[in-house]
Amino acid sequence: VFSACRGATFIFIGGRFSMRLRQKLFASLYRQEIGFFDTTKTGELTSRMTQDCEKVSGQVELNVNVFLRTLVSTVTTLAFMFSLSRPLTFVAFISVPAVVVISKKYGKVMRSLSEKTQKSLAD
């Protein structure tokens, strides 16, 4: 039940985030000078409006979802382990930074892959 509520909440929040991102992008395009549209391909602008916004909002939604799930799991684990044994709690404190480091590296790889994909789609 909680998983379904969490999923529905993230779908709703992700949709709102995507809408705001598209509105900001459109407002930014609207403020550009005429020369910008002479030098920029229509396909590139269309690609940015559709695929970039969708991918960014999808990644943000996924990353926030995973982060919150991991945070709740970690806090629960630490509280339970502390009540059982302090040495086990210290083991958990050591493992949490390792997960954070791995998540950051994964985010960097995904960001670079996304940029490369969008460049190839725009061309």
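Reader: Why is cysteine 5 called partly exposed?
Author: Its relative accessibility is 44%. Buried means under 20% relative accessible area, exposed means over 50%, and partly exposed is in between (1.4 Å probe, protein chains only). So cysteine 5, at 44%, counts as partly exposed. Bear in mind that this is a predicted model, where local features need pLDDT of at least 70, side-chain atom pairs count only at pLDDT 80 or more, and totals for chains, interfaces and linings use all residues. Residues are numbered from 1 along each chain as its sequence is written, and side-chain values use heavy atoms, with hydrogens and water left out.

Reader: And what makes cysteine 53 buried?
Author: Cysteine 53 comes in at 3% relative accessibility, so it counts as buried.

Reader: Which residues of H4 are buried, and what do they pack against?
Author: Thr89, Ala92, Gln118 and Ala122 are the buried ones, and they pack against H3.

Reader: What span does H4 reach, and what is expected?
Author: H4 has 37 residues and reaches 55 Å from its first C-alpha to its last, close to the expected 54 Å. That expectation is 1.5 Å times one less than the number of residues.

Reader: What makes something a pocket, and which residues lie nearest the centre of the largest pocket?
Author: On a 1 Å grid over the protein atoms alone, a pocket is an open set of points where a 1.4 Å probe fits, with protein on both sides within 12 Å along at least five of seven lines; lining residues have an atom within 4 Å of a point. For the largest pocket, 17 residues qualify as lining, with Phe67, Thr70, Val99, Val100 and Ser103 nearest the centre. Helices H3 (42-84) and H4 (86-122) each give two or more residues to that lining, and H4 gives the most, with nine.

Methods:
Helices (H or I, at least four residues) and strands (E, at least two) are DSSP runs, numbered from the N terminus. Contact means heavy atoms within 4.5 Å.
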